[in-house]
Amino acid sequence: MSSFETRAIHAGQEPDPYTGSVIVPIYATSTYKQDGVGGLRGGYEYSRSANPTRTALEEALAALEGGARGLAFASGLAAEDAVFRTTCRPGDHVILPGDAYGGTFRLVARVLAAWGVEYTPVPLGDLDAVRAAIRPTTKIVWCETPTNPLLGIADIAGLAGVAHDAGALLVVDNTFASPYLQQPIALGADVVVQSTTKYLGGHSDVVGGALIAADAGLGDELAFHQNAMGAVAGPFDAWLVLRGIKTLAVRMDRHCDNAERVVEFLSSHPAVATVLYPGLDSHPGHDIAARQMRRFGGMVSFTLRGGVETALKVCGLVSVFILGESLGGVESLIEHPGRMTHASVAGSPLEVPDDLVRLSVGIENIDDLIADLASALA
Ligand SMILES: *Cc1c(COP(=O)(O)O)cnc(C)c1O
């Protein structure tokens, strides 16, 4: 099963051995009958430790990201917490992207810091700055690319070199690209993080997260924490993500087609000041993105000449785009990061510009999307 599209539909998803059901069933059970004490069928004893629907998702995730082990969690942040707590102890240090996802920053700055983990936000586009921020206690270089919401690009292979020279792990949040557009493990990442809430689920109907470890030993340690801390994906949530994954490739291609057209439209619109999209030649990370991504994704951010008032007005005037948080679903979403998704980083080094609008470009008809934006910007 060498090609991505085929793995997305079949990896970990053998027809059910009992009935032949083509689709992996939702194993809604907490426990499993043992054939005599310790006589487990297929290794299942309790659903926090393992559940067949979740196992199918975990195998599919490992196959799609090219890792040794996949683990499915209750949310992206639960997955992030597990990787930090597996690899860091009080007194250890992590490097965060200067424009990390706000929830990642909050987890580190408000929860892990209180436990004694130290952190430095660094612009990851500057490898020398990352190297300079490394300490003897640095355990993780945390990379997000493209970043949320500024669509910054980091050089995954370059960062892997810096992290490994320092004896640290490179963890890549691959949520914005999805494994269809970007394969961090092949570029040297040790762990990939996914908020499966976004493109993997793809239909805005589930909250979930995942870790994919390049190496089986680290995968086992992460699996220990998954079971010990218990923030697992339930069987129905795992099933929804599995169903989403089957169409990931076709959805991502349409997200990219539509985003490219939206970028073209916004770039020539007089009310728009700047368009942030790694597919633009003018984007500072364009060459790296072109090297490490298949295409440039479905997320587009832009600033407005009219400033914050116009940004808020546009968010209220659209009718096909839905004003809401999150991203990666089939429907187009619009939001104001400064007051919505990134309100938790206001006043921190990660504060985002208040004239910024973020789009998650969906897979509706592109003419409808452009007409909607045109009328909101008029
Ligand atoms: C949404 C998101 C997360 C967090 O995932 P949840 O499923 O909301 O917990 C992490 N990273 C990025 C880039 C995200 O967009």
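1. Basis. The model is predicted: local features need pLDDT of at least 70, side-chain atom pairs count only at pLDDT 80 or more, and totals for chains, interfaces and linings use all residues. Residues are numbered from 1 along each chain as its sequence is written, and side-chain values use heavy atoms, with hydrogens and water left out.

2. Helices α2 and α9. Helix α2 spans residues 52–65 and helix α9 residues 235–246; their axes come within 8 Å and cross at roughly 35°. Helices are DSSP runs of H or I, at least four residues, numbered from the N terminus. Axes are lines fitted to C-alpha atoms over the stretch in contact, with angles from 0 to 180 degrees between N-to-C directions. The crossing of α2 and α9 is left-handed (near helix turned anticlockwise from the far one by less than a right angle; clockwise would be right-handed). On α2, the contact residues include Leu57, Leu61 and Leu64; on α9, they include Trp239, Leu242 and Ile245. Contact means heavy atoms within 4.5 Å. By class, this contact has 11 nonpolar, one polar and one charged residues. Ala, Val, Leu, Ile, Met, Phe, Trp, Tyr, Cys and Pro count as nonpolar; Asp, Glu, Lys and Arg as charged; the others, Gly among them, as polar.

3. Helices α10 and α13. The axes of α10 (residues 248–267) and α13 (residues 366–377) come within 10 Å and cross at roughly 30°. The two are therefore roughly parallel (angles under 35 degrees; over 145 is roughly antiparallel, 65 to 115 roughly perpendicular, the rest oblique). Their crossing is right-handed. Val262, Phe265 and Leu266 of α10 are among the contact residues, as are Ile370, Leu373 and Leu377 of α13. The contact of α10 with α13 divides into nine nonpolar, one polar and two charged residues.

4. Helices α3 and α4. Here the axes of α3 (residues 76–87) and α4 (residues 102–112) come within 11 Å and cross at roughly 50°. The pair is therefore oblique. The crossing is right-handed. Among the contact residues are Glu80, Asp81 and Arg85 of α3 and Arg106 of α4. The contact of α3 with α4 has six nonpolar, two polar and four charged residues.

5. Ligand site. Of the 15 residues around the ligand, Gly76, Asp173, Ser195, Thr197 and Lys198 come nearest (near: a heavy atom within 4 Å). A ligand oxygen atom lies 2.7 Å from an N or O atom in the Thr197 side chain. For a polar backbone atom of Leu77, the distance to a ligand oxygen atom is 2.9 Å. For a polar backbone atom of Gly208, the distance is 3.5 Å.

Key. Polar contact = N/O pair within 3.5 Å; in protein donor to acceptor, adjacent residues only side chain to side chain.
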